[in-house]
Structures are given as C-alpha cells and as structure tokens.
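This report looks at how some residues are packed in one protein chain. Keep the sequence and the 3D view open while reading.

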Amino acid sequence: MNEAFRRGVRLGVPFSLAGFLISLSFGVLAVRSGFTPLQAIVMSAVVHAGSAQFAGLSIVAAGGGALPGVLAGSLMNARFLAMGIAIAPSLTGGPLRRAVEAQAVVDPSWALANRGDGTFDRWQLIGSTVPQYVGWVSGTVVGAFAGDLLGDTDRFGLDAIFPTFFAGLLLAELRNPRARPVALAGAAIALALVPFTPPGIPILAASAAALVGLRR
C-alpha cells in the first residue's frame, strides 16, 4: 500500500474521532426532527459535511422544506469551489478519475495534504479521508438508533467540537509562513461577517482568500 496513503490514514484518525462525536449529535437531532434513521444515515453517507448537514437540518426542522434546506447546505459547502480549484492541478488521470478522487476533499484532509508549496499529496488526501468518512457515518448510525439512550446531547458539550475543529485547522495553517497571510485573511473575513450575514455567507466569503493564495 502507498506510504502516503498509510500516513494519511494515521493523520486522519484523530479527526475521525471528532467527526464521530459531531455526527452522533447530527444523528440524534435528525431523528428528533422527523428524519427516519435511514434518511439520516444516507444523508451523512452522501453529503459527509457537518456544516451543510446541520444547516439543511435546521431549515427542514423549522418547516422550511427540502429545497431551502438543500440550498442552505450548498451555500455552506460553496467553499469547496475554491478548495477544488487549488487542489485540481495535483490530481491526475482522466476527468472521471479526477472527479472520484476529488470526493475525498474535506476540510482536514485538504489541509493535511497541503505540501505548503501550492501542491497537494493526493494519496495523503485520500488516506486521511477514509477514517474520517467511516467515523462520520458510524457516528450518525449510533446517534440515529441510540438517540433515546443518549438524551440531550448538549450536556456533553458536543456543540463546541465543531468550532474547535475548525480552529485547529486554522492554527495548523498559521504555522506555515506561506499559508499564514491567506489563513489570517480568511479568518478576519469570516469573523467580520458573522454578526451581520446569514449562515454560510461568512464561510463562502472567507474561502475567497484561498483564491488569492493561488497567486502567491
């Protein structure tokens, strides 16, 4: 097995544990909002994106309907457009293979695969996503079927995991001199917009900083 892939798997395990706890909370909330356990699990398996899933869930649970929920989730995930542009030159093969490999782009894996010179290790990207995907889907399964046993998940402080998770990614980027200006710009944009804009807009605007980084 490719050494970069194995290294990616090892690096992805801690993020997998955090993802398990976050998706466990999602599974509980989804079922309590009217989803069936199967619907919650399928959503996690297909979307595999915490911010998008929680955004969509909150709108559907409030009676907003499926279409607004999908649009909200899409807005939350729009940052992947900039991330995809950055990583595209590091993917190889034909269009189908590149599209399949690009499904491994999640926030931690994108950061872990970044070599710091504008290129990405595609095998480390894929390897680090594997345990995260398993942890995410597994957490949803447990939350969806064992939610009644867990009770109120807020008392476990699971709501703090998600922002802490992204703060850790930001700190990792700040250690890289080349990435530091872009990371700081993205953080400043997001913090400035949070009090005034709807959910998703700060992340989308902050992701534009990654496009600036492509020209560095």
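Helices here are DSSP runs of at least four residues, numbered from the N terminus. With that numbering, His48 is found in the loop between helix H2 (37-47) and helix H3 (50-61). The model is a predicted one. His48 has a phi near 50 degrees, a positive value in a residue that is not glycine. Buried means under 20% relative accessible area, so His48, at 15% relative accessibility, counts as buried.

In soluble globular proteins, nonpolar side chains tend to be buried together. The largest nonpolar core in this model has 11 residues, including Phe5, Trp110 and Phe120.

The largest share, three residues, comes from H5. Apart from this core lies another one, of six residues, among them Ala30, Phe35, Met43 and Leu57.

Ala104 belongs to the core of 11 residues. Leaving aside residues up to four places away in sequence, Ala104 touches Ser109, Leu125, Ile126 and Thr129.

Helix H10 covers residues 180-193, which is 14 residues. At 1.5 Å a residue, H10 should span 20 Å, and its end C-alpha atoms are 20 Å apart, so the two values agree. Which residues in H10 are buried? Val182, Ala183, Gly186 and Ala190 are. These four cover an arc of only 100 degrees around the axis, so they lie on the same side of H10.

Notes: Residues are numbered from 1 along each chain as its sequence is written. This is a predicted model: local features need pLDDT of at least 70, side-chain atom pairs count only at pLDDT 80 or more; totals for chains, interfaces and linings use all residues. Side-chain values use heavy atoms; hydrogens and water are left out. A nonpolar core is a set of buried Ala, Val, Leu, Ile, Met, Phe, Trp, Tyr and Cys residues joined through side-chain atoms within 4.5 Å. Buried means under 20% relative accessible area, exposed over 50%, partly exposed in between (1.4 Å probe, protein chains only). Helices (H or I, at least four residues) and strands (E, at least two) are DSSP runs, numbered from the N terminus. Contact means heavy atoms within 4.5 Å. The expected span of a helix is 1.5 Å times one less than its number of residues. The arc is that of the directions from the helix axis to the C-beta atoms.
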